[in-house]
Amino acid sequence: MADTKANEKKLRAQAVDWMLRLQEDPDDAALQERFQHWLNEDPARGQIFDRARRAMGDASHLLSNDLDFTRNAAHKPLLRPRNVVAGLLLVIAGSIAFTLADGPMRLRADVMTGTGQKQIVTLADGSKVEMNAESAIAIHLLPNERRITLLRGEAFFEVAADQTRPFVVKAGKGTITALGTAFDINLTKRETMVVVTEHAVMVASENGDRAHRLHEGEQISYDPDGRLQVAEAADMDTATAWRQGRIVFDNTPLSLVVEQIDRYIPGRIVIAQSDLADRRISGSLDLAHPDAALDAFANAIGIRITRLGPYLAVLRR
């Protein structure tokens, strides 16, 4: 039984590798010939290849833009600890490892959190920044201004009073200036959301939109181009639930929910169908056990999870 499972894992990793190679070079006749030879060696290979292709669905196109990650995720179960260490030592020496190790972000950030890791940073002026998992900030405390750049993820700010030095946070294509306040900023691929829990902030877009004064109990978002949306009343419990170890979402696109769950689960979660990514859902997740929460959540809303190795999960109908 153990040998059978090990062989299935090996074939699944090979199938993913072949699928990506064929998508990368679809007109390579020699590659097609080698692929057919691989298929003909074992009847089970064709079945496993078809299952992998169906599981990936639309996601295969997305992942083809990140071949190193996908192959790494698919092959992880096949590596022995000694080989993993040796491989990492070799890869770290090169530019690929620099990117995989989040090197570009490390060069820009002063503080970063990893998967499932949260951190509270106390700045020199007494302000506090509570960082969600998979978040990064750059800190610039100048004589005439305190400027923080939220490079990735989410953070909650409690700002120390200093009328001589404005406290400004840059996130995406917008800036948030504190007016003696506490507020949350969540930077995602779809939008940047600002929620004020105390006093007020000024939210300004880099595209020239008029700045908006956001009051306590309100929220506003802007898209990746900096276009401000209409301010509305905020649900404080939902907006800051991550600080208590939960994710709460109400009529939220699945893609946005997955992006937040992804901060707590190693690897990557991919949604196979684009229409599924836009599906709006409501619920909550316990971040103490994110893998179990993801399984229960998927079951509750009627979607399936296919895991291609320990670091890649595909959601599909």
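Me: Buried means under 20% relative accessible area, exposed over 50% and partly exposed in between (1.4 Å probe, protein chains only). So what makes α10 "mostly covered"?

Reply: This is a predicted model, where local features need pLDDT of at least 70, side-chain atom pairs count only at pLDDT 80 or more, and totals for chains, interfaces and linings use all residues. Residues are numbered from 1 along each chain as its sequence is written, and side-chain values use heavy atoms, leaving out hydrogens and water. Now, α10: six of its eight residues are buried, namely Leu-254, Leu-256, Val-257, Val-258, Gln-260 and Ile-261.

Me: Why is α10 called roughly antiparallel to α12?

Reply: Helix α10 (residues 254-261) packs with helix α12 (residues 290-301) at about 165°, with the axes 12 Å apart. Roughly antiparallel means over 145 degrees, so α10 counts as roughly antiparallel to α12.

Me: Which residues make that contact?

Reply: Contact (heavy atoms within 4.5 Å) involves Leu-254, Val-257 and Ile-261 of α10, plus Leu-294, Phe-297 and Ile-301 of α12. These divide into six nonpolar, no polar and no charged; Val, Leu, Ile and Phe are among the residues that count as nonpolar.

Me: What makes β15 and β17 edge strands?

Reply: The open sheet of three strands has the order β15-β18-β17, with mixed pairing. Strands pair if DSSP finds at least two bridges between them, and four bridges join β15 to β18 (residues 312-316), running parallel. β15 (268-271) and β17 (304-307) each have a single partner strand, so one side of each lacks a neighbour in the sheet.

Conventions
Axes fitted to C-alpha atoms, helices over the stretch in contact; angles between N-to-C directions. Helix = DSSP H or I, 4+ residues; strand = E, 2+ residues; numbered from the N terminus. Parallel < 35°, antiparallel > 145°, perpendicular 65-115°, else oblique.
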